[in-house]
Amino acid sequence: MTVSGVFSPSCFSTSRYPLLDPPVKAGTGFPSPAQDFAEKSLDLNDLLVYNPVATYCVRVQGDSMTGAGIHDRDILMVDCSLEARSGDVVVAVLDGEMLVKRLRVNGAHVTLLAENPHCRAVEVGEGQDFWIWGVVTHVIHSL
Amino acid sequence: MSSIRYEEEQTAPTGQPVIALVDCNNFYASCERAFNPKLMGKPVVILSNNDGCIIARSDEAKALGIAMGEPFFKVRHLLHRHGVRYFSSNYPLYADMSHRVAAVLQRFTPEVEVYSIDESFLDLSGVPGGDINAHARAMRRTVYQWTRIPVSIGIATSKTLAKLANKIAKKSLELEGVFDFRTVEEPEPFLSDIDAGDLWGVGQRTATWLRRQGIWNVWQLRNADRALIHRKMGIVGLRLLDELHGVSCLPLDSLPGSRKAVAFTRSFSTPIEKLSDLKQAVATFAARVGEKLRSQNSLAQYLTVYVKNDQWREETKKYSGAVTAQLPVATAITAELIHHALRSVEQLYRHGYHYKKAGVFASGLIPGGSYQQNLFDELERESLCALTNTMDDINTRMGAGTLYYAAQGVDPWWKMKQKFRTPSYTTKWDEIAVVKAV
């Protein structure tokens with residue numbers, strides 16, 4: 001398979017906008033010693049988004065996952081290109097509902113665990129409509 | 001013997017290119033399902049601008065006999081009776097998902113021509129090992145996993161046959177969404193099953209004419225007399241015949257944006273009577289045309305404004321008119337486009353008419369950066385460009401219409417109706433999908 005990786009749109013583009021940049025006049029003195037070493041500013045995309053094409057943001061409603069550091073109203077970065085493994089926090093679809101759970105896979109047995117003593121684990125039954133929407137990679141929590 | 005020249009083709013070692021058409025199944029409905037899994041397997045329809053008529057249906061809705069283009073008010077009772085879910089079109093969502101699908105395809109091959117919002121042609125000639133079918137299945141799986149949009153893939157040695165192969169791929173579940181026309185030994189049963197009128201490049205009038213010549217399906221068309229087809233359809237017809245024989249005549253255009261004209265037209269949910277309201281609408285349209293021009297790095301030399309009155313009201317006569325202005329300097333600057341558009345609409349406006357539709361067209365496009373300086377150019381062109389670019393940046397980050405010219409009007413009442421729109425799940429922070437932690 002020829003993987004070119006030529007074109008990947010940045011779905012979360014950051015841009016710095018100089019509001020009406022005034023033209024730089026000549027004659028400002030010595031050039032800055034830092035000029036050659038300037039790097040681009042910190043960009044959250046680099047930190048949080050591995051594969052923009054398959055990454056989505058969702059908002060959490062509820063507190064069954066507080067033990068994993070996920071609280072009500074938090075934003076989750078979900079990457080749908082990752083293969084979900086046992087132990088991952090995932091967004092799963094169960095009977096049409098989008099849930100955030102910790103996945104446990106034991107052979108053919110799939111259990112969806114909560115991370116809160118007040119919430120039960122859910123065993124996924126044989127005939128149930130169940131599939132993994134994506135793997136949660138980061139949680140954004142505002143204080 | 002006709003002398004037809006074909007462009008040089010990049011070909012695989014076998015001498016023929018391998019072209020695939022990838023298209024999304026029920027694209028708008030699939031976008032809605034991607035973020036609302038409860039809609040999967042259910043009948044879903046999407047409504048046009050102004051919630052006027054049905055522009056997209058899921059397979060389940062098609063099975064209920066709901067036709068494309070049906071006016072919404074006419075079928076509303078039917079939709080309710082069968083529990084069909086309906087939504088206003090959510091173009092920010094569809095545009096974003098379309099980009100994602102195209103980006104996935106571009107991971108598999110750099111030769112991708114994005115033909116429309118839900119279709120792309122791919123050149124798979126360079127696939128190593130030659131297992132094109134496995135490649136196609138991998139593409140299909142990956143697109144679905146990363147975006148939840150199901151696609152069908154047709155493979156052939158020409159674009160026209162690839163489109164036909166794509167149609168065939170959808171016909172039977174066993175094909176699993178992929179059909180390779182190159183594997184077909186006897187094309188007749190496949191091609192005679194398809195109406196000539198359904199063929200890409202054959203319009204209604206041509207289809208009627210073909211039927212009068214006894215040509216009803218694609219197989220008959222493929223075998224038609226070349227001179228006859230040439231007389232009626234010209235060189236385009238001959239190319240079509242060659243493409244049906246598997247000879248590629250339409251090269252992939254993987255360079256985006258080489259367009260001839262850019263337009264923005266809309267119908268008004270309530271007809272407009274006052275000149276001031278019409279000017280607001282036209283200014284808004286001119287601004288959108290400016291954005292499109294800049295996004296494809298084009299400059300326009302001509303700007304046309306078009307208006308049409310409400311043809312259904314008995315007391316008014318039909319009126320439609322257009323004014324084309326030659327722009328002093330080829331431009332994509334919004335302020336300038338608005339200025340010329342407003343002057344044109346002032347010439348077009350007639351008192352007493354109810355305007356139902358208006359449009360702004362930019363034509364005579366040339367690539368950006370190539371305009372000639374006009375000695376009499378009165379504008380501070382460079383700083384206006386910088387301002388326009390800044391506005392584009394802000395509008396892209398914070399949502400279309402965050403910044404706009406006063407001429408466009410504040411919260412215009414004539415904006416289109418969209419009563420049933422779903423959230424913009426991938427473009428607005430306060431509209432992202434919700435997952436339950438229960």
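Modeller: Let us start with contact, which means heavy atoms within 4.5 Å. Helices (H or I, at least four residues) and strands (E, at least two) are DSSP runs, numbered from the N terminus. This is a predicted model, in which local features need pLDDT of at least 70 and side-chain atom pairs count only at pLDDT 80 or more, while totals for chains, interfaces and linings use all residues. Residues are numbered from 1 along each chain as its sequence is written, chains are lettered from A and ligands numbered from 1 in the order in which they are written, and side-chain values use heavy atoms, with hydrogens and water left out.

Biologist: Which residues of H1(B) and H4(B) meet?

Modeller: From H1(B) come B:Phe27, B:Tyr28, B:Cys31, B:Glu32, B:Ala34 and B:Phe35, and they meet B:Tyr91, B:Leu93, B:Tyr94, B:Met97 and B:Ser98 in H4(B). Sorted by class, this contact has 9 nonpolar, 1 polar and 1 charged residues. Here Ala, Val, Leu, Ile, Met, Phe, Trp, Tyr, Cys and Pro count as nonpolar, Asp, Glu, Lys and Arg as charged, and the others, Gly among them, as polar.

Biologist: At what angle do helix H1 and H4(B) pack?

Modeller: Axes are lines fitted to C-alpha atoms, for helices over the stretch in contact, and angles run from 0 to 180 degrees between N-to-C directions. Helix H1 (residues 27–35) of chain B packs against H4(B) at an angle of about 90°, and their axes are 10 Å apart. H1(B) and H4(B) are therefore roughly perpendicular to each other. The classes are roughly parallel (under 35 degrees), roughly antiparallel (over 145), roughly perpendicular (65 to 115) and oblique (the rest).

Biologist: Is B:Ser98 buried or exposed?

Modeller: Buried means under 20% relative accessible area, exposed over 50%, and partly exposed in between (1.4 Å probe, protein chains only). B:Ser98 lies in helix H4 of chain B and is buried, with a relative accessible area of 11%. Not counting residues up to four places away in sequence, B:Ser98 touches B:Phe27 and B:Ile117. The C-alpha atoms of B:Ser98 and B:Glu70 are separated by 25 Å, and these residues are 28 apart along the chain.

Biologist: Which residues touch the most other members in the largest nonpolar core?

Modeller: A nonpolar core is a set of buried Ala, Val, Leu, Ile, Met, Phe, Trp, Tyr and Cys residues joined through side-chain atoms within 4.5 Å. The largest one holds 60 residues, and A:Leu76, A:Val100, A:Trp133, B:Phe35, B:Met97 and B:Ile153 touch the most other members. Its largest share, 8 residues, comes from helix H4 (residues 91–108) of chain B. Another core, of 35 residues, lies apart from it and includes B:Val262, B:Ala332, B:Leu337 and B:Ala358.

Biologist: With which residues is B:Phe35 in contact?

Modeller: Leaving aside neighbours within four places in sequence, B:Phe35 is in contact with A:Tyr56, A:Met98 and A:Trp133, among others in the list. On the chain B side, its contacts include B:Leu93, B:Met97 and B:Tyr425.

Biologist: How far apart are the axes of helix H6 and helix H10 of chain B?

Modeller: Helix H6 (residues 159–171) and helix H10 (residues 226–244) of chain B have their axes 7 Å apart and pack at an angle of about 60°. That angle makes H6(B) oblique to H10(B). The contact involves B:Lys159, B:Thr160, B:Leu161 and B:Leu164 of H6(B), together with B:Leu240, B:Glu243 and B:Leu244 of H10(B). By class, it has 4 nonpolar, 1 polar and 2 charged residues.

Biologist: Where is B:Glu176, and what is its phi?

Modeller: B:Glu176 sits in the loop between H6 and strand E8 (178–180) of chain B. Its phi is positive, about 55°, although it is not a glycine. B:Glu176 is partly exposed, with a relative accessible area of 49%. In chain A, A:Asp95 has a positive phi of about 50° and is not a glycine. A:Asp95 belongs to the loop between strand E3 (89–94) and strand E4 (97–106) of chain A.

Biologist: How many helices and strands are there in chain B?

Modeller: Chain B has 13 helices and 14 strands, and buried residues make up 50% of its 438 residues. Chain A has 1 helix and 7 strands, and buried residues make up 37% of its 143 residues.
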